[in-house]
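Hi there,

Here is the structure I promised to pass on.

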Amino acid sequence: MTRQLVARLLHAIAVCAVVATSVFVLLQFAPGDPFATALDGADVPPSVRAEGRARYGFDLPPGERFARWTGALVRGELGYSASRHRAVADVVGDALPRTLLLVGVALVLGFAAGVGIALVQTRHHRRWQDRLFGVLTLGGVAMPEFLVALLAMTWLGARWRLFPVAGIGSLGDAAAWPVWERIVDLLWHLALPAGALALAVASRVARHQRAALLGVMREDYIRTARAKGLGEWNVIVRHALPNAIGPVIALLGLALPSLVGGAVLIERIFGWPGMGLTLFDALLARDYPLILAAVLLATLLAVVARTVTEAVAEFVVPRRAREP
Amino acid sequence: MIPHLSRQLALVLCIAAVTACRGTDASPTGGILVVSAGADAETLFPPLVAGSQGRVVTELLYDKLADVGPALNTFGDVGFVPKLARSWEWSRDSLTVTFHLDPRARWHDGQPVTARDVQYAFRVWTDSAVGAVQRAALATVDSVSVPDPRTARVHFRERTPEQFYAFTYTLIPLPAHLLASLPDTALRDAPQMRSPVGSGPFRFVSWTPRTRLELSANAAYFAGRPRVDGVVFLFAAQGATVAARLLAGEADFVEQLSPPDFAQLPQDGAVRAQPYGGFDYTFLLFNQYDARDAGRPHSIFVDRALRRALTAAIDRTTIVRSVFDSLARPAIGPFSRTQWTADTTLTGIAFDPSTATRMLDSLGWRDANHDGVRERDGRPLAFSVLVPASSRPRQAAAVLLQAQFKAVGVAMTIEQTDFNAFLDRARRGAFDAMVSGVRTSPSPRGVQDWWGTPGPDRGAQNWGRWSNAEFDAQLDSALAASRVEDARAHIRAAYQAAVNDAPAIWLYEPLFFAGMHRRLTVGALRPDAWWSGVADWSIDPAQRLPRDRRAPATP
Amino acid sequence: MAANAWRQLLDDRGARAAIGVLGAAVLAAAFAPWIAPYDPTLQPDPVALRLVAPSWQHPFGTDPFSRDVLSRVLHGARVSLGVATGAMLLSVTLGAALGALAAVVGGWVDGVVSGLVDVLIAMPRLLIVIALVATFGTLSPWWLIALIGGSGWLTTARIVRAEFRDHLQREYVLAARALGASRWRIIWHHLLPAVAPQLAVAAALALAAVIPLEAALSFVGLGIQPPLPSWGNILLDGTDYLTSAWWLVVFPVAAVSLTVGSALVLADRLRVAIAGEEHGP
């Protein structure tokens, strides 16, 4: 067990090192300047831009910059974001919890809804419920995500005013509110972005879960369970689901890291400044330290997420774990 | 009007000037003004502010010594409105301006604003370790001395017509009593700059970057408390979201409505649009040099007659009406109509496809192989146009340009890149042509930066490296002219030279329309700074919203 | 043995419908110049005829430049499907090659490929492509195919590697090897046919992933360059007029969703057919 853990850790470090190096190398080829957009005023002389580059060490040769950057990283310093005039750690510290909240809520909602839909579809296999949800979930996967978000914002937000258009909280000093009010306000603002994201997650989960359930339903032990006179719901939920949910959890575990940065368009449309938007803005601003930090974080999350999902899948599905 | 000729007049004007006090009808109305904005401020440290949102916030937090008046004159000091300085006077040689600070002016922590703050700010702005963005604007200022705490004396190195403007428009006095103990290099990250103490009509409350920034009315403001209780800025990167917030009633004000936004304005009149000029102009810039070899003249665009022919092929009225409907005007030359130096009587190159065709034919560009594209000596009349992916109107203009060029046998391809790459290639000259836009300032000096022959003192943004001696000379004369009328005549000549030489096709000048909720009453919006009168804006007490009660907490 | 799966696929109504939709899209793309009523870049009158609602003359309406949306959607199929197919072929080929390499050679090659997959799968693909687009500047469709295809091989590589490793242990492979068949012969004649159905699934899924990616890339302004129409950039024009010109959104989205949906259905049915074959009837 310990040996496995150490091996995993070493693997994770190796992966991070490869990512850091390749991103750094890639960025060397990107045209642009960390100060191009920040200092775009009509009368900013080139000398001021040159000073800026020198201040943050962008004028050094790439090799030296890389050495400096990795050195700082080893000491736990992520550097300074020139496009935001803030420490990278602060920027990431703001953005990461927001994304984890958004993605977390969307995953929980989407997973629950998706599994629920799949159960209904399995129960009513080949009947209208199955077909209806089949079409809906197919649409949920096939529709471009940003369009769903835009439609939700325009109609549910701006037109019908059912939910806030954008933002992460109401006006006022949230620190002074009672805890429940803060939670309600947060969920209220999460409704559209998390809903739009959850729609996509639920559709994918439902499609995979349905397929997995139908596969399991053919197994002998299901027939045995039925023969014992158990109700159909009972058979599906108690017997089929535990054996069919493992692959879906694994799928989610794989999806999580890319969701952390991949919600960029949803974050952008709903003014939810999380990691995706931060990385996107950093890419456009050529804010190298911020890009590197965000990418490393995503890698780290991927490694963690995979380990956790593997553990969860083993825990949930002991039978599968014993299979070769 | 140059100071040394009109000193007496200026003096009289200054003494007569009343401080910017609000009238009796300007009692507070309460309410929180919520502004929906696209980009956040990158910093609140005034010397480092480069983007427009940073300017909005810092200029609500901090007062300048004096501000340009509604006429937006930048020569001498005519029309300037007293702010922190109650009055000022010129020395006989016009090399010194003495500002008398308003004794009532206070920092938000209650300390008086003193001349030392002006002196300190000047030092910070000109310290290369700070890296102030607008440092060049203060190049003609030698020093600031402090005869007494209420008097700041500014010594100029040389007389220029815009010396007063350059100093007062750029420099924002900073609270020396809070900052002077810090080394200059530490200022940009100082906690004081995350929760700034200013001198203006609004106090800082809180800032969550890229999300929200809150200000509250400064009840102790020496020129009278703002009428609203506070200002909150909400940020969203997506343009549609910025407008949606206004349409949903979550915000009261949007700086600029885009043409598609107008189709969405509700029928009940809850949201209205108010025009306020605009300081931008957009053009198709021709690179005079080769995109790959910066030392070689561009094989097509080096020919003035060809540039004129291309200009004649473009129907700018159609472009403006298609992209903007009535929300823009065709551009005239290297300026915006809102600048005082604008001249609408120039002789431009009219849209005339038959002339364009004839000119192209006579220049030897003919479509001999009938593939729809003209060629000369076997080389097709084709070029690529760089467009920033961040600007929808410019992309739309490019699509229309492409079709219009095609109609006269010119093959234009579009290259959209992200803004950073766009700027990078612009600066390196790695493009054939580009749809470029300029946000001008009231001063005509920017013209020199964009269109002057590239050199140490001008042309820093002249990406097409166009060079015209007549233009340079006339502009020099204008910027040194001793009378406004002379300056106008020279500038007109310079502009005409530019239009005749066609370094670019002048496309459009967007008209800015602010969107606002009907409960909000604003005065006239200044084209270069819509926020300059926010302290006088009011919210109808009968139309209060629940969110107004959630006032930003005063720190 | 794979023939059975294909036959079962064609017996399935959903699969037939999906193949029908995809076939129609391919036909539309192939014959766009002949069936489209107008030149997709023609701007008859960008002032008077902009954003005209659907009519007999313009069944899908016109866009902000007065171009015919039907013609643009038909021609857009060429670009969108072309890019999608190209990227799909590239990513599946690359994935199959790398997956096979990792499984057959093993050792450090396997380590590198698996490590690469582990890393890249954590990165949001849209951001990877945006980063690459920003790095290489503006894109021709060919570049777009290279970038999108080059970033999409991960799952295929994973599947192929797992399948190959599985088959390498099976008796028929061991037998072939014992008979002296070369490694490449085994791969070519035994392993590849065995994983062909899985590759087909991966290809369908890759197609389903690429089309929305192109749309998203257009949405941030870095997709196919005008005047070339693609479903993504038609949709981009539509997002500006979401509430006032529905036809600019509905038709390109229908095209995208139907194609993606069909690809997904096809992948599903294919998978069922393979599973059915493995499990026996």
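**A sheet and its helices in chain B**

Chain B holds an open sheet of four strands, with antiparallel pairing and the order 4-5-7-6. Its edges are strand 4 (85–90) and strand 6 (141–148) of chain B, each of which pairs on one side only. On average, neighbouring strands of this sheet are turned by 20° against each other, direction ignored. Please keep in mind that this is a predicted model.

Within the sheet, strand 6 and strand 7 (residues 151–156) of chain B pair in the antiparallel sense over five bridges. One detail you can look up there: Asp148(B) has Thr151(B), in strand 7 of chain B, as its bridge partner.

Helix 3 (residues 115–126) of chain B lies across strand 5 (96–101), strand 6 and strand 7 of chain B, and runs at about 160° to strand 6 of chain B. Helix 4 (residues 163–170) of chain B packs on the sheet and touches strand 4, strand 5, strand 6 and strand 7 of chain B. The direction of helix 4 makes about 40° with that of strand 5 of chain B.

**Aromatic rings**

Trp451(B) and Trp466(B) make an edge-to-face pair, with 6.4 Å centre to centre and 75° between the planes. Trp451(B) is in helix 13 (residues 445–451) of chain B, while Trp466(B) is in the loop between helix 13 and helix 14 (469–480) of chain B, 15 residues apart. Both Trp451(B) and Trp466(B) are buried.

There is also one aromatic cluster formed by Phe80(B), Trp88(B), Trp90(B), Phe99(B), Phe156(B), Phe164(B) and Phe167(B).

**Charges over rings**

Lys64(B) has its charged end over the ring of Tyr169(B), 4.3 Å from the ring's centre. Arg465(B), in turn, lies over the face of Tyr289(B), at 4.0 Å from the ring centre.

Best wishes

Technical notes:
Residues numbered from 1 in each chain as written. Chains lettered and ligands numbered in written order. Predicted model: local features only at pLDDT ≥ 70, side-chain atom pairs only at ≥ 80, totals over all residues. Heavy atoms only, no water. Pairing = 2+ DSSP bridges. Helix = DSSP H or I, 4+ residues; strand = E, 2+ residues; numbered from the N terminus. Axes fitted to C-alpha atoms, helices over the stretch in contact; angles between N-to-C directions. Contact = heavy atoms within 4.5 Å. Phe/Tyr/Trp six-rings, centres within 6.5 Å; stacked < 30°, edge-to-face > 60°. Buried < 20%, exposed > 50% of the residue type's maximum accessible area, 1.4 Å probe, protein only. Lys NZ or Arg CZ within 6 Å of the ring centre and 35° of its normal.
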